[in-house]
Amino acid sequence: MSSPGGYSSDDDSRKGTPNRVFKDPEYPIVIVDQKYCSNYPITLTFEKNGAVEDKFKISDEDGNVLFRAQKKKGGRRVMMDESNEPVISFTSKAISSLFINMSWHCIDHITMHRRRQAYRGDSHDQRIFSVKKTRGFKSLRYDVYMTSNMTESTFNYRVYDSYRDGSSVIYAGDKATKLAQLNIQVTHQKTVKKEEKFTVDLSPNVDKAFVSALLIIREEVRKSRYKGYES
């Protein structure tokens, strides 16, 4: 898969930096389960329909539905697989959180942000990662922090929406490994379409469930942003 243009090693820099060249993962990226990884590139179709209960749907190249996202009570969504089994649940509304650094006996203020939390299955027992929206000079970003990343000094993964050319990509914390390329156009419209459809090209050995969850969370964040829930 070709690398998108316009991405730099530091998009916050106003001086400009060379375009970034992405590479495929050197090892499998497994967040949810190895069974969701394919050893070859694949294309998923992401569909949003605000008129139905299962608002989000992700299908493979043959049209088979892999995941659906059901809305639950308490401001949560649960992503189900093709067997209607829960894969990941996450908060659909932003929440504030504090992290207590037990080694220093103090509050780590870097985690006082409005963010989404993602859990394994349909429970709050095993948190997998959190997603925090940030803004760059030329982009809107959704930074992903795995639960094992206690300091959050840097993100583990990022969903990057470019203001300049409307492209979007998911890449790893090394800023060189590409997980997926979103074939969409990011606009500055003040409303979110009730129906939307786009394709996503996944690199080999990337967890489809993880990428699908990120896409759903990204859409929830965009919806909240336009409705004024988030800055």
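## Exercises: hairpins and cores

In the hairpin of strands 3 and 4, three residues lie between the strands and Gly74 has a positive phi near 80°. Strands here are DSSP runs (E, at least two residues), and helices are DSSP runs too (H or I, at least four residues), numbered from the N terminus. The model is predicted: local features need pLDDT of at least 70, side-chain atom pairs count only at pLDDT 80 or more, and totals for chains, interfaces and linings use all residues. Residues are numbered from 1 along each chain as its sequence is written, and side-chain values use heavy atoms, without hydrogens and water.

**Exercise 1.** Find how strand 3 pairs with strand 4.

*Solution.* Start from the rule that two strands pair if DSSP finds at least two bridges between them. Strand 3 and strand 4 (residues 76-80) are joined by five bridges and run antiparallel. Then look at Lys72, which stands opposite Arg76 in strand 4.

**Exercise 2.** Work out the hairpin of strand 2 and strand 3.

*Solution.* Strand 2 (residues 56-59) and strand 3 (residues 65-72) pair antiparallel over four bridges. Next, Ile58 has Phe67 as its bridge partner in strand 3. Finally, five residues separate the two strands, and Gly63 in the turn has a positive phi of about 85°.

**Exercise 3.** Find which residues touch the most other members of the largest nonpolar core.

*Solution.* A nonpolar core is a set of buried (under 20% relative accessible area, 1.4 Å probe, protein chains only) Ala, Val, Leu, Ile, Met, Phe, Trp, Tyr and Cys residues joined through side-chain atoms within 4.5 Å. Among its 45 residues, Phe129, Tyr157 and Ile170 touch the most other members. Helix 1 (residues 208-227) gives the most to this core, nine residues.

Technical notes. Buried means under 20% relative accessible area, exposed over 50%, partly exposed in between (1.4 Å probe, protein chains only).
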